[in-house]
Amino acid sequence: QLITGTYENEERKSWADFRAKYDERVIDVMGSESRATAKISLSNFERVAKPKLIKSVTTELVDRFISARRKERGSRKGTTLSAATINRDLRYLRAALRKAKAWKYISDVPEFSLLRERKKLPTVVPPEHFAAIYEACNNAEYPSGLPNLNPADWWRAIIVTAFMTGWRISQILSL
C-alpha cells in the first residue's frame with residue numbers, strides 16, 4: 001500500500017516517543033547547565049499539561065499550562081512562580097516544538113506568547129544592609145597576600161561590582 005503525505009502518521013506519534021528522541025539527540029549534547037534546565041522545563045510541561053500525543057500540544061494546551069504554572073508556589077512562602085520562570089519553560093518548550101516540526105512530528109508549531117516580566121528589578125539587598133556589609137569588609141582576612149591590595153579593599157570591589165552590575169559572583173571572578 002502506497003502512503004502519501006508528509007504528516008500521514010501524525011495521529012500516532014506520542015509525546016513520550018518525541019521526548020525520548022529529543023532528549024537523546026538534542027538535550028544530551030547541550031552544556032551541563034542548559035541540559036539540566038531543559039529537562040526540568042520539559043518535565044514541568046509534562047507534569048502539568050500531561051500531553052499524550054505530540055499533535056495534542058496546541059495553543060490551548062500551552063495556555064492551560066501557563067495558567068496552571070502561574071498558580072504554583074514560588075520559591076518563598078506566600079509567593080507564586082515568577083513570569084521569568086514560566087518564560088524559561090516556554091522557551092525550552094518552543095525550541096522542542098520547533099524541532100518536532102523539523103522532524104515532521106507536527107505540521108505547525110502552536111503559537112503562544114511569553115509572559116510580561118517586571119521591568120524594574122527588585123532590590124535584593126536594602127541600602128542599610130549593603131552599608132553594613134561594606135563596613136564589615138574591614139574585618140576580612142581572606143584573600144591574603146594580594147599584591148598592592150588588602151582583603152578589605154578586595155571585598156569592597158567585589159560587592160560594589162556585584163551590586164552595580166547585577167552580575168553573579170562567578171562572572172565577576174572570571175573577569
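Modeller: Let us begin with a term: a residue is called buried under 20% relative accessible area, exposed over 50%, and partly exposed in between. Please keep in mind that this is a predicted model.

Colleague: Okay, which class does Lys-101 fall into by that rule?

Modeller: Lys-101 has a relative accessible area of 34%, so this residue is partly exposed. Its side chain meets that of Asp-108 in a salt bridge, at 3.6 Å from N to O, and Asp-108 is exposed because its relative accessible area is 54%.

Colleague: How many salt bridges are there?

Modeller: The count comes to nine salt bridges. Some of them share partners, and in this way Arg-47, Arg-69, Glu-72, Arg-88 and Asp-89 are joined into one network.

Colleague: What about Asp-28, which residue does it form a salt bridge with?

Modeller: Asp-28 pairs with Lys-39 in a salt bridge whose closest N and O atoms are 3.7 Å apart. This pair links distant parts of the chain, since Asp-28 sits in the loop between H1 and H2 while Lys-39 belongs to helix H2, 11 residues apart. Asp-28 counts as partly exposed because its relative accessibility is 37%, and Lys-39, at 33%, is likewise counted as partly exposed.

Colleague: Switching to helix H1, which of its residues are buried?

Modeller: In helix H1, which covers residues 15–25, the buried residues are Trp-15, Phe-18, Arg-19, Tyr-22 and Asp-23. Viewed down the axis of H1, these buried residues fall within an arc of 130 degrees, so they line one face of the helix. They pack against helix H2 (32–49) and helix H4 (83–102).

Colleague: What does the face of H1 turned away from the buried side carry?

Modeller: That face of H1 carries the exposed residues Ala-16, Glu-24 and Arg-25.

Colleague: Going back to Arg-19, why does it count as buried?

Modeller: Arg-19 has a relative accessibility of 9%, and it therefore counts as buried, the cut-off being under 20%. Its side chain is joined to that of Glu-46 by a polar contact of 2.8 Å. If neighbours within four places in sequence are left aside, Arg-19 is in contact with Lys-39, Leu-42, Ser-43 and Glu-46; Lys-39 is also the salt-bridge partner of Asp-28.

Colleague: Last topic, the surface: which residues form the nonpolar patch?

Modeller: The nonpolar patch on the surface is formed by Tyr-134, Val-160, Phe-163 and Met-164, which together have about 390 Å² of accessible area.

Colleague: Which helix gives the most to it?

Modeller: Helix H6, spanning residues 151–165, gives the most to the nonpolar patch, with three residues. Phe-163 is found in this helix, and because its relative accessibility is 43%, Phe-163 counts as partly exposed.

Technical notes. Residues numbered from 1 in each chain as written. Predicted model: local features only at pLDDT ≥ 70, side-chain atom pairs only at ≥ 80, totals over all residues. Heavy atoms only, no water. Patch = residues over 30% accessible without salt bridge, like charges linked within 9 Å, V, L, I, M, F, W, Y side chains within 5 Å. Areas by Shrake-Rupley, 256 points an atom, 1.4 Å probe, with all protein chains shown as cover. Salt bridge = Lys/Arg side-chain N within 4 Å of Asp/Glu carboxyl O. Helix = DSSP H or I, 4+ residues; strand = E, 2+ residues; numbered from the N terminus. Buried < 20%, exposed > 50% of the residue type's maximum accessible area, 1.4 Å probe, protein only. Arc of directions from axis to C-beta. Contact = heavy atoms within 4.5 Å. Polar contact = N/O pair within 3.5 Å; in protein donor to acceptor, adjacent residues only side chain to side chain.
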